[in-house]
Amino acid sequence: MSSSVPDNQLGLSQSEIQLLRQHQQIALSQAGSSSSRAASHASSQGRLLLDPTSLQALSAHFDRLMYSIQQRWQYLTQQTQSATQIQYDRAGNAIQMADAEIARFRAILREIDELQVEFDKVRRIGEIVKGFKARVEHLERRI
């Protein structure tokens, strides 16, 4: 069998050889080639079929496989970018909301400070009134 090569001469591991055989069978069956039986026969003898028809079918199969992988990769990349943008937007919104709440809290604290000043004024006025009241009572007792 001159169009086949012993699989141990390819410099591949056993798992790589099995994977190559599997893809060769898929490629040949998709191509509807009669080489599929020849590939099975070569495989049973520890050889890999390398005739032009099987190599062309294998090349077309790997092209389709690479295209499929690239499409999946592009889809996953787009999904990752989309998810990242959503999280970035959410984080930005959270920061804006936190900034707004901090500003609102600071405004409340300013109002509390203003009320405290007003309470202090009222307390001082109360003390002045008490002082006047005590003087008036003292004057009334003297009279």
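Author: In this predicted model, a residue is called buried when its relative accessible area is under 20%, exposed when that area is over 50%, and partly exposed in between.

Reader: What makes the meeting of the side chains of Glu118 and Lys121 a salt bridge?

Author: The N to O distance between the side chains of Glu118 and Lys121 is 3.5 Å, and because the cut-off for a Lys or Arg nitrogen and an Asp or Glu carboxyl oxygen is within 4 Å, the pair qualifies as a salt bridge. Glu118 and Lys121 are three residues apart in helix α3, and so they are separated by about one helical turn. Lys121, for its part, is partly exposed, with a relative accessible area of 39%.

Reader: How do you know that Arg123 forms a salt bridge with Asp120?

Author: The closest N and O atoms of Arg123 and Asp120 are 2.2 Å apart, which lies within 4 Å, and therefore the pair is counted as a salt bridge. Asp120 has a relative accessibility of 23%, whereas Arg123 has a relative accessible area of 47%; both values lie between 20% and 50%, so both residues are partly exposed. A search of the whole structure finds three salt bridges, including one between Arg104 and Glu101, whose closest N and O atoms are 3.1 Å apart.

Reader: Why is Gln24 called buried?

Author: Gln24, which lies in helix α1, has a relative accessibility of 3%, and because this is under 20%, the residue counts as buried. Leaving aside neighbours within four places in sequence, Gln24 is in contact with Ala39, Leu48, Leu49, Ser54 and Leu58.

Reader: What makes Arg21 count as buried or exposed?

Author: Arg21, also in helix α1, has a relative accessibility of 12%, again under 20%, and so the conclusion is that Arg21 is buried. Not counting residues up to four places away in sequence, Arg21 touches Asp7, Ser43, Gly46, Arg47 and Leu48.

Note on methods
Residues are numbered from 1 along each chain as its sequence is written. This is a predicted model: local features need pLDDT of at least 70, side-chain atom pairs count only at pLDDT 80 or more; totals for chains, interfaces and linings use all residues. Side-chain values use heavy atoms; hydrogens and water are left out. Helices (H or I, at least four residues) and strands (E, at least two) are DSSP runs, numbered from the N terminus. Buried means under 20% relative accessible area, exposed over 50%, partly exposed in between (1.4 Å probe, protein chains only). Contact means heavy atoms within 4.5 Å.
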